[in-house]
Amino acid sequence: MLLISFIDEHFLLTLLGMGGIATYVWVDMHGERLGIGHFAALVLTAACVFAGVACVKAFAFMESSGSAKGAMSLFGAVFFMPVLFVLGAKAFGRDAARVCDVLTPCMVFTVMCARINCLHAGCCHGIPIGGTGLQWPTREIEIVYYVVFLVAVCGRVHAGVTRGEVYPEYMATYGAMRFCVEWVRYTSSHLIFHAAHVWALLSLCLGASMYFEIKSQLSFRGGRSRR
């Protein structure tokens, strides 16, 4: 009973702990590719979880001009985490594309945990579906998206066939999903088109641009190597 009570009172913390465990297992599994050992994998896991929480809080703080204390915006992770991945890779002499590919599933799983917390907290729900007494399952749609994305990319990343395109794929598809979901998501402003639509479009455009740029560079290098 004490355990259940603790989990209920600290649901987000429990979910982040689960995300941390999953991240460590995944990172340690790919430690050879990243050039790190078991302890370094543990440190990297802690850094990723901490940075993810800091990013979503920082973005919400910026978005609300400091008026929404304690709020979180998942777009913070979408926009800030890849920058941290690349900077960290450069600082420690690792291949940035490889680091981003390996760490993207970890970030997506952790963000999914944060969205699951919305179900427990009763926030971020959809608008009523007229005449049904139900609400649009916006949180559930997003969670399903995460599951589908993880299933689609984890095998490719584990097989080592990706070349830096995984995070752009996430940005583009997440932006497209959020743009659609925002039309039926409840917002305090009750505006038809609001800030989240802008962030979603930006995510979609940046992700698609980076994806095609990476594919273009890979195609160019492949063409030169065949000559």
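Helices are DSSP runs of H or I with at least four residues, numbered from the N terminus, while strands are E runs of at least two. The structure described here is a predicted model, in which local features need pLDDT of at least 70, side-chain atom pairs count only at pLDDT 80 or more, and totals for chains, interfaces and linings use all residues. Residues are numbered from 1 along each chain as its sequence is written, and side-chain values use heavy atoms, with hydrogens and water left out.

Rolling a probe the size of a water molecule over the atoms shows where empty space is left. On a 1 Å grid over the protein atoms alone, a cavity is a set of points where a 1.4 Å probe fits but cannot get out; a pocket is an open set with protein on both sides within 12 Å along at least five of seven lines; and lining residues have an atom within 4 Å of a point. Grid points are joined across faces, edges and corners, and a volume is the space filled by probe spheres set on the points. For the classes of lining residues, Ala, Val, Leu, Ile, Met, Phe, Trp, Tyr, Cys and Pro count as nonpolar, Asp, Glu, Lys and Arg as charged, and the others, Gly among them, as polar.

A search of the whole structure finds 2 cavities of 30 Å³ or more. The largest cavity has a volume of about 120 Å³. Its lining includes Leu-12, Gly-52, Met-72, Met-107 and Ala-114. Helix 2 (11–29), helix 4 (38–63) and helix 6 each supply at least two residues of this lining, and helix 6 gives the most, with 4 residues. By class, the lining of the largest cavity has 10 nonpolar, 2 polar and no charged residues.

The second largest cavity has a volume of about 60 Å³. Among the residues that line the second largest cavity are Thr-23, Cys-48, Phe-85 and Thr-110. At least two lining residues come from each of helix 4, helix 5 and helix 6, and the largest share, 4 residues, comes from helix 6. Here the classes are 7 nonpolar, 3 polar and no charged residues.

Attention now turns to an open space. The second largest pocket has a volume of about 580 Å³. Of its 25 lining residues, Ala-96, Ala-97, Arg-163, Gly-164 and Ile-214 lie nearest the centre. Helix 5 (75–91), helix 6 (96–121), helix 8 (166–181) and helix 9 (195–225) each supply at least two residues of the lining, with helix 9 giving the most, 7 residues. The lining of the second largest pocket has 14 nonpolar, 4 polar and 7 charged residues.

Helix 8 can be looked at on its own. The expected span of a helix is 1.5 Å times one less than its number of residues. For the 16 residues of helix 8 this should come to 22 Å, and the end C-alpha atoms are 22 Å apart, which agrees. Buried means under 20% relative accessible area, exposed over 50%, and partly exposed in between (1.4 Å probe, protein chains only). Because 12 of its 16 residues are buried, helix 8 is largely enclosed by the rest of the structure. The buried residues include Val-166, Tyr-170, Ala-172 and Arg-178.

Charged side chains complete the picture. Side chains of opposite charge can pair when their charged atoms come close. A salt bridge is a side-chain nitrogen of Lys or Arg within 4 Å of a carboxyl oxygen of Asp or Glu, and by this rule the count comes to 6 salt bridges. In one of them, the side chains of Arg-115 and Glu-142 meet at 3.1 Å, N to O. This pair links distant parts of the chain, with Arg-115 in helix 6 and Glu-142 in helix 7 (residues 138–159), 27 residues apart. Arg-115 is buried, at a relative accessible area of 4%, and Glu-142 is buried too, at 2%.

Another salt bridge joins Glu-165 and Lys-215 (3.8 Å, N to O). Glu-165 sits in the loop between helix 7 and helix 8, and Lys-215 in helix 9, 50 residues apart. Their C-alpha atoms are separated by 7.7 Å. Glu-165 is buried, with a relative accessible area of 3%, whereas Lys-215, at 35%, counts as partly exposed. Arg-156, Glu-165, Glu-169 and Lys-215 are linked in a network of salt bridges. Finally, Arg-178 and Glu-182 form a salt bridge (2.8 Å, N to O), and both residues are buried.
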